[in-house]
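Here are my notes on the model. Please read them with the structure open.

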Amino acid sequence: MKAILLREIKSFFGSPIGYLVIAIFLILNGLFLWFFEGDYNILNSGFADLSPFFTLSPWILIFLIPAVTMRSFSDEKKQGTLELLLTKPISLWEIVNGKFLGALLLIVIAIIPTFIYVYVISSLGMPEGNIDMGSTMGSYFGLLFLISGYTAIGIFTSTLSENQIVAFIIAVFLCFLFYFGFEGISTFFKSFEPFVAALGMDNHFKSMSRGVIDTRDILYFVSITFLFLSFTVYKLKSYKL
(Lines give C-alpha, C1' and ligand atoms only; values in the text may rest on other atoms or scores of the structure.)
Protein backbone atom coordinates (compact mmCIF):
# COMPACT_ATOMS: atom_id res chain seq x y z
CA MET A 1 0.00 0.00 0.00
CA LYS A 2 2.86 2.36 0.81
CA ALA A 3 4.27 1.96 -2.71
CA ILE A 4 0.87 2.81 -4.25
CA LEU A 5 0.49 5.80 -1.94
CA LEU A 6 3.95 7.15 -2.79
CA ARG A 7 3.30 6.61 -6.50
CA GLU A 8 0.06 8.60 -6.27
CA ILE A 9 1.73 11.46 -4.41
CA LYS A 10 4.58 11.55 -6.94
CA SER A 11 2.11 11.59 -9.82
CA PHE A 12 0.17 14.48 -8.26
CA PHE A 13 3.21 16.63 -7.54
CA GLY A 14 5.26 15.43 -10.51
CA SER A 15 2.73 17.17 -12.75
CA PRO A 16 0.73 20.40 -12.43
CA ILE A 17 -2.31 18.53 -11.01
CA GLY A 18 -1.37 18.76 -7.33
CA TYR A 19 -0.35 22.40 -7.49
CA LEU A 20 -3.44 23.34 -9.52
CA VAL A 21 -5.81 21.67 -7.05
CA ILE A 22 -4.26 23.46 -4.08
CA ALA A 23 -4.12 26.80 -5.92
CA ILE A 24 -7.72 26.60 -7.21
CA PHE A 25 -9.10 25.69 -3.79
CA LEU A 26 -7.24 28.50 -2.01
CA ILE A 27 -7.91 31.11 -4.70
CA LEU A 28 -11.64 30.39 -4.95
CA ASN A 29 -12.07 30.45 -1.17
CA GLY A 30 -9.94 33.56 -0.86
CA LEU A 31 -11.90 35.47 -3.50
CA PHE A 32 -15.33 34.57 -2.12
CA LEU A 33 -14.38 35.05 1.55
CA TRP A 34 -12.34 38.25 1.33
CA PHE A 35 -12.90 40.05 -1.98
CA PHE A 36 -16.24 39.30 -3.66
CA GLU A 37 -19.30 41.03 -2.24
CA GLY A 38 -21.97 38.60 -1.12
CA ASP A 39 -23.15 36.27 1.61
CA TYR A 40 -19.76 34.57 1.89
CA ASN A 41 -17.71 37.72 2.50
CA ILE A 42 -16.35 37.45 6.05
CA LEU A 43 -15.44 41.12 6.36
CA ASN A 44 -19.03 42.15 5.61
CA SER A 45 -20.69 39.54 7.81
CA GLY A 46 -19.96 41.37 11.05
CA PHE A 47 -19.16 38.14 12.88
CA ALA A 48 -15.75 36.75 13.86
CA ASP A 49 -16.31 33.21 12.65
CA LEU A 50 -15.48 30.98 9.72
CA SER A 51 -19.01 29.76 8.96
CA PRO A 52 -18.90 31.23 5.40
CA PHE A 53 -15.79 29.12 4.70
CA PHE A 54 -17.42 25.92 5.96
CA THR A 55 -20.57 26.69 3.97
CA LEU A 56 -18.65 27.33 0.76
CA SER A 57 -15.93 24.65 0.91
CA PRO A 58 -18.19 21.58 0.53
CA TRP A 59 -19.55 23.01 -2.74
CA ILE A 60 -16.09 23.74 -4.12
CA LEU A 61 -14.89 20.29 -3.09
CA ILE A 62 -17.86 18.65 -4.85
CA PHE A 63 -16.11 19.56 -8.11
CA LEU A 64 -12.49 19.62 -7.00
CA ILE A 65 -12.26 16.16 -5.44
CA PRO A 66 -13.81 14.34 -8.44
CA ALA A 67 -11.29 16.22 -10.62
CA VAL A 68 -8.51 14.70 -8.50
CA THR A 69 -9.91 11.16 -8.26
CA MET A 70 -11.27 10.76 -11.81
CA ARG A 71 -7.91 9.51 -13.07
CA SER A 72 -7.26 7.03 -10.23
CA PHE A 73 -8.42 3.89 -12.06
CA SER A 74 -9.76 5.40 -15.30
CA ASP A 75 -6.24 6.28 -16.37
CA GLU A 76 -4.98 2.81 -15.44
CA LYS A 77 -7.72 1.24 -17.59
CA LYS A 78 -7.08 3.56 -20.52
CA GLN A 79 -3.33 2.95 -20.53
CA GLY A 80 -3.77 -0.80 -20.03
CA THR A 81 -1.81 -0.84 -16.78
CA LEU A 82 -4.72 -1.90 -14.55
CA GLU A 83 -4.23 -5.60 -15.31
CA LEU A 84 -0.54 -5.24 -14.46
CA LEU A 85 -1.40 -3.48 -11.20
CA LEU A 86 -3.88 -6.21 -10.25
CA THR A 87 -1.24 -8.93 -10.74
CA LYS A 88 1.12 -7.38 -8.21
CA PRO A 89 1.53 -9.32 -4.91
CA ILE A 90 -0.66 -6.91 -2.94
CA SER A 91 -4.31 -7.17 -2.02
CA LEU A 92 -7.10 -5.21 -3.69
CA TRP A 93 -7.72 -3.37 -0.42
CA GLU A 94 -4.10 -2.22 -0.34
CA ILE A 95 -4.38 -0.93 -3.91
CA VAL A 96 -7.64 0.89 -3.19
CA ASN A 97 -6.43 2.31 0.12
CA GLY A 98 -3.20 3.52 -1.49
CA LYS A 99 -5.16 5.39 -4.18
CA PHE A 100 -7.64 6.69 -1.60
CA LEU A 101 -5.01 7.95 0.86
CA GLY A 102 -3.00 9.59 -1.94
CA ALA A 103 -5.99 11.67 -3.09
CA LEU A 104 -7.06 12.34 0.51
CA LEU A 105 -3.61 13.60 1.46
CA LEU A 106 -3.55 16.02 -1.48
CA ILE A 107 -6.87 17.60 -0.43
CA VAL A 108 -5.77 17.79 3.23
CA ILE A 109 -2.63 19.64 2.11
CA ALA A 110 -4.91 22.11 0.31
CA ILE A 111 -6.92 22.61 3.53
CA ILE A 112 -3.94 23.24 5.84
CA PRO A 113 -3.15 26.81 4.62
CA THR A 114 -6.70 27.88 5.51
CA PHE A 115 -5.75 27.72 9.20
CA ILE A 116 -4.36 31.20 8.63
CA TYR A 117 -7.99 32.33 8.35
CA VAL A 118 -8.48 31.32 11.98
CA TYR A 119 -5.56 33.52 13.04
CA VAL A 120 -6.71 36.48 10.93
CA ILE A 121 -10.30 36.35 12.17
CA SER A 122 -9.14 35.92 15.76
CA SER A 123 -6.94 39.01 15.34
CA LEU A 124 -9.77 41.04 13.79
CA GLY A 125 -12.28 40.08 16.49
CA MET A 126 -13.47 42.60 19.03
CA PRO A 127 -12.06 41.94 21.54
CA GLU A 128 -9.07 40.20 19.94
CA GLY A 129 -9.36 36.43 20.11
CA ASN A 130 -13.16 36.54 20.10
CA ILE A 131 -13.73 33.42 18.00
CA ASP A 132 -15.56 30.22 18.85
CA MET A 133 -12.68 27.76 18.63
CA GLY A 134 -14.86 24.79 19.59
CA SER A 135 -17.18 25.36 16.64
CA THR A 136 -14.25 26.11 14.31
CA MET A 137 -12.28 22.99 15.20
CA GLY A 138 -15.46 20.90 15.04
CA SER A 139 -16.09 22.25 11.54
CA TYR A 140 -12.55 21.38 10.43
CA PHE A 141 -13.00 17.92 11.90
CA GLY A 142 -16.29 17.54 10.03
CA LEU A 143 -14.71 18.83 6.82
CA LEU A 144 -12.03 16.14 7.07
CA PHE A 145 -14.70 13.44 7.26
CA LEU A 146 -16.63 15.06 4.41
CA ILE A 147 -13.48 15.04 2.26
CA SER A 148 -13.01 11.37 3.11
CA GLY A 149 -16.54 10.57 1.90
CA TYR A 150 -16.16 12.59 -1.32
CA THR A 151 -12.80 10.93 -2.04
CA ALA A 152 -14.17 7.41 -1.56
CA ILE A 153 -17.02 8.21 -3.96
CA GLY A 154 -14.57 9.62 -6.51
CA ILE A 155 -12.28 6.59 -6.27
CA PHE A 156 -15.25 4.28 -6.89
CA THR A 157 -16.57 6.17 -9.93
CA SER A 158 -13.10 6.08 -11.49
CA THR A 159 -13.52 2.30 -11.82
CA LEU A 160 -16.75 2.65 -13.82
CA SER A 161 -15.26 4.02 -17.03
CA GLU A 162 -11.92 4.54 -18.72
CA ASN A 163 -13.21 7.96 -19.74
CA GLN A 164 -12.13 10.41 -17.04
CA ILE A 165 -14.86 12.92 -17.90
CA VAL A 166 -17.55 10.28 -17.39
CA ALA A 167 -15.98 9.33 -14.05
CA PHE A 168 -15.88 13.02 -13.07
CA ILE A 169 -19.55 13.64 -13.93
CA ILE A 170 -20.76 10.55 -12.05
CA ALA A 171 -18.65 11.49 -9.02
CA VAL A 172 -20.02 15.05 -8.99
CA PHE A 173 -23.58 13.71 -9.20
CA LEU A 174 -23.09 11.21 -6.35
CA CYS A 175 -21.29 13.75 -4.15
CA PHE A 176 -24.11 16.23 -4.73
CA LEU A 177 -26.72 13.55 -4.01
CA PHE A 178 -25.11 12.53 -0.73
CA TYR A 179 -24.34 16.09 0.37
CA PHE A 180 -27.54 17.94 -0.50
CA GLY A 181 -29.78 15.56 -2.44
CA PHE A 182 -31.28 13.69 0.49
CA GLU A 183 -32.15 16.96 2.23
CA GLY A 184 -34.01 18.07 -0.91
CA ILE A 185 -35.73 14.70 -1.30
CA SER A 186 -36.80 14.74 2.37
CA THR A 187 -39.14 17.70 1.70
CA PHE A 188 -41.33 15.34 -0.36
CA PHE A 189 -41.70 12.92 2.54
CA LYS A 190 -42.98 15.03 5.41
CA SER A 191 -43.68 12.03 7.64
CA PHE A 192 -40.13 10.72 7.26
CA GLU A 193 -38.33 14.02 6.64
CA PRO A 194 -35.86 13.77 9.57
CA PHE A 195 -34.93 10.20 8.65
CA VAL A 196 -34.41 10.90 4.93
CA ALA A 197 -32.45 14.10 5.68
CA ALA A 198 -30.23 12.12 8.08
CA LEU A 199 -29.01 10.07 5.10
CA GLY A 200 -27.27 13.16 3.70
CA MET A 201 -23.79 14.40 4.52
CA ASP A 202 -24.95 17.98 5.02
CA ASN A 203 -27.03 17.01 8.04
CA HIS A 204 -24.08 15.37 9.80
CA PHE A 205 -21.55 17.99 8.71
CA LYS A 206 -23.71 20.78 10.18
CA SER A 207 -24.04 18.79 13.38
CA MET A 208 -20.25 18.59 13.74
CA SER A 209 -19.90 22.28 12.80
CA ARG A 210 -21.70 23.19 16.02
CA GLY A 211 -18.65 21.92 17.90
CA VAL A 212 -20.36 18.79 19.21
CA ILE A 213 -18.58 15.64 18.04
CA ASP A 214 -21.29 12.97 18.05
CA THR A 215 -20.26 9.36 17.47
CA ARG A 216 -23.31 8.97 15.20
CA ASP A 217 -21.90 11.58 12.82
CA ILE A 218 -18.47 9.95 12.84
CA LEU A 219 -19.97 6.51 12.22
CA TYR A 220 -22.01 7.93 9.34
CA PHE A 221 -18.97 9.30 7.49
CA VAL A 222 -16.87 6.22 8.26
CA SER A 223 -19.71 4.04 6.91
CA ILE A 224 -20.04 6.07 3.69
CA THR A 225 -16.27 5.93 3.14
CA PHE A 226 -16.06 2.21 3.84
CA LEU A 227 -19.14 1.50 1.66
CA PHE A 228 -17.73 3.15 -1.45
CA LEU A 229 -14.25 1.73 -0.93
CA SER A 230 -15.92 -1.70 -0.68
CA PHE A 231 -17.76 -1.00 -3.94
CA THR A 232 -14.38 -0.17 -5.49
CA VAL A 233 -12.82 -3.43 -4.33
CA TYR A 234 -15.85 -5.37 -5.59
CA LYS A 235 -15.60 -3.67 -8.99
CA LEU A 236 -11.87 -4.42 -9.24
CA LYS A 237 -12.56 -8.09 -8.45
CA SER A 238 -14.64 -8.28 -11.63
CA TYR A 239 -11.56 -7.27 -13.65
CA LYS A 240 -9.53 -10.09 -12.12
CA LEU A 241 -12.05 -12.74 -13.16
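**Pocket, core and one buried serine**

1. Helix H4 (51-69), helix H9 (133-157), helix H10 (164-186) and helix H12 (201-209) each give at least two residues to the lining of the largest pocket. Helices are DSSP runs of H or I, at least four residues, numbered from the N terminus. A pocket is an open set of points on a 1 Å grid over the protein atoms alone, where a 1.4 Å probe fits, with protein on both sides within 12 Å along at least five of seven lines; lining residues have an atom within 4 Å of a point.

2. This is a predicted model; local features need pLDDT of at least 70, side-chain atom pairs pLDDT 80 or more, while totals for chains, interfaces and linings use all residues. Residues are numbered from 1 along each chain as its sequence is written, and side-chain values use heavy atoms, without hydrogens or water.

3. The chain averages a pLDDT (the predictor's confidence in each residue, from 0 to 100) of 88. At least 70 is reached by 96% of the residues.

4. The lining of the largest pocket counts 17 residues. Ser51, Phe54, Thr55, Lys206 and Ser209 lie nearest the centre.

5. Ser139 sits in helix H9. Ser139 is buried (under 20% relative accessible area), at 3%. Beyond neighbours within four places in sequence, Ser139 is in contact (heavy atoms within 4.5 Å) with Phe54, Phe205, Met208 and Ser209.

6. Met201, again leaving aside neighbours within four places in sequence, contacts residues including Leu146, Tyr150, Phe178 and Tyr220.

Note on methods:
Buried means under 20% relative accessible area, exposed over 50%, partly exposed in between (1.4 Å probe, protein chains only).
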